[in-house]
Amino acid sequence: MITLGIESSCDETGVAIVKDGQLLSNVVSSQADIHAKYGGVMPEVASRLHAENIIFVLKEALEKADVKLGDVDAFAVTRGPGLIGALHVGMQAAKTLAMLFDKPLIPVHHLAGHIYANEFVEEMKFPLLAIVVSGGNSELVLMREDLDFEVLGETRDDAIGECFDKVARVLGFPYPGGAMIDEHAKKGKHTYNLPTPLKGVDTLDFSFSGLKTNVINLVHNLEQKGETVNVDDMCRSVEETAVEQVINKALIAINRYEVKNVVVCGGVSANSYLREKLSEELSKRHINLSFPPMWCCTDNAAMIAKLGEKLYLKGIRAPLTISPDPNWRIEDYKTF
């Protein structure tokens, strides 16, 4: 079976091809350099660039896989969540191909795709806890079995990746700033006393807006006083405060639901401090931990094609009248 996946939820245009679970090609056109001048993703610009790039990315993916469009058995596409204009481009491309070649259209939930990216490393074992940490989402998802999702906690405001990017901007780093914070944090010490929102509150939800705002105000106040911000120390302080919130909430969920398997996914799963501390904590508890390969942490179509194949085999199909849903919840992945 050959599945072609399309991803366009934010600022990466991706097309990938999977054959019987094996990845044949995975092409991604990133817009990061374009959005860097704005300090973040400009939705209108992202949509236009997706429209410009999708044909070229599709052509390259087919060439690398040595596959013709007529050979494809199903077309999988990110339906949501994401930027509505960006999602529309990928959806229209997939619907057009499905109609032209009279093949099934498979809608894929973006976060579910991130979770199943871990199967490029090893087969997932259930029950498990999925820790989703990215620029737009932060969630704890319990999976008692394959394709069974229950959101235990989610961010009430900013996602952890968004927090990192906005802190990075006030520190003078280009977009995307998460990698820069991680790099500078390795050279710094946790010297700034920063707040941990929802600390001591009986909830598995996250909150990163207060941390972000506190750092921005602190940096501005120091600048107004003519004092210098120790960038390395600030990065270390922010990273530890944010990551430890994620780890502490995850440990509560692990104990509460007695899971022995944990997968981490999303762009922030590439963060070295998160990988180190979480590995350390779960090793002590003899819990199996899986991270996606580094190339699969950020948005890509390989995860969409891989999960699309699984959904196809489960009988999931969508009519050509389907529309993107920027607020699509992972529990509703079969509802469209």
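Patches are assembled from residues with over 30% relative accessible area and no salt bridge, like charges being joined within 9 Å and nonpolar side chains (Val, Leu, Ile, Met, Phe, Trp, Tyr) within 5 Å. Accessible areas come from the Shrake-Rupley method with a 1.4 Å probe, and for residues only the protein chains shown count as cover.

The model in the viewer is predicted: local features need pLDDT of at least 70 and side-chain atom pairs count only at pLDDT 80 or more, whereas totals for chains, interfaces and linings use all residues. Residues are numbered from 1 along each chain as its sequence is written, and side-chain values use heavy atoms, with hydrogens and water left out.

**First stop: a nonpolar patch**

Select Met-99, Leu-100, Phe-101 and Leu-320, which make a nonpolar surface patch of about 390 Å². Met-99 belongs to helix 3 (residues 84–101); helices (H or I, at least four residues) and strands (E, at least two) are DSSP runs numbered from the N terminus. Is Met-99 buried or exposed? Its relative accessible area of 52% makes Met-99 exposed, as buried means under 20%, exposed over 50% and partly exposed in between (1.4 Å probe, protein chains only).

**Second stop: salt bridges**

Side chains of opposite charge can pair when their charged atoms come close. Here a salt bridge is a side-chain nitrogen of Lys or Arg within 4 Å of a carboxyl oxygen of Asp or Glu, and the structure holds 16 of them.

Select Glu-44 and Arg-48 next: their closest N and O atoms are 2.7 Å apart in a salt bridge. Both residues lie in helix 2 (residues 43–65), four residues apart, about one turn of the helix. Glu-44 is partly exposed at 47% relative accessibility, while Arg-48 is exposed at 55%.

Move to helix 9 (residues 272–284), where Lys-284 and Glu-281 are three residues apart and so separated by about one helical turn. Their side chains meet in a salt bridge (3.6 Å, N to O). Lys-284 is exposed, with a relative accessible area of 55%, whereas Glu-281 counts as buried at 16%.

Then select Glu-331 and Arg-329, a salt bridge whose closest N and O atoms are 3.3 Å apart. Glu-331 is partly exposed at 32%, and Arg-329 is partly exposed at 33%.

On a 1 Å grid over the protein atoms alone, a cavity is a set of points where a 1.4 Å probe fits but cannot get out; a pocket is an open set with protein on both sides within 12 Å along at least five of seven lines; lining residues have an atom within 4 Å of a point. Grid points are joined across faces, edges and corners, and a volume is the space filled by probe spheres set on the points.

The second largest pocket has a volume of about 290 Å³. Of its 21 lining residues, select Thr-196, Lys-199, Gly-200, Gln-245 and Asn-248, the closest to its centre. The lining comprises eight nonpolar, eight polar and five charged residues, where Ala, Val, Leu, Ile, Met, Phe, Trp, Tyr, Cys and Pro count as nonpolar, Asp, Glu, Lys and Arg as charged, and the others, Gly among them, as polar.

Finally, turn to the largest cavity, which holds about 70 Å³ of space. Its lining includes Asn-118, Glu-122, Lys-125 and Asn-261. Which strand gives the most to this lining? Strand 9 does, with three residues; strand 9 (261–265) and strand 10 (288–290) each supply at least two.
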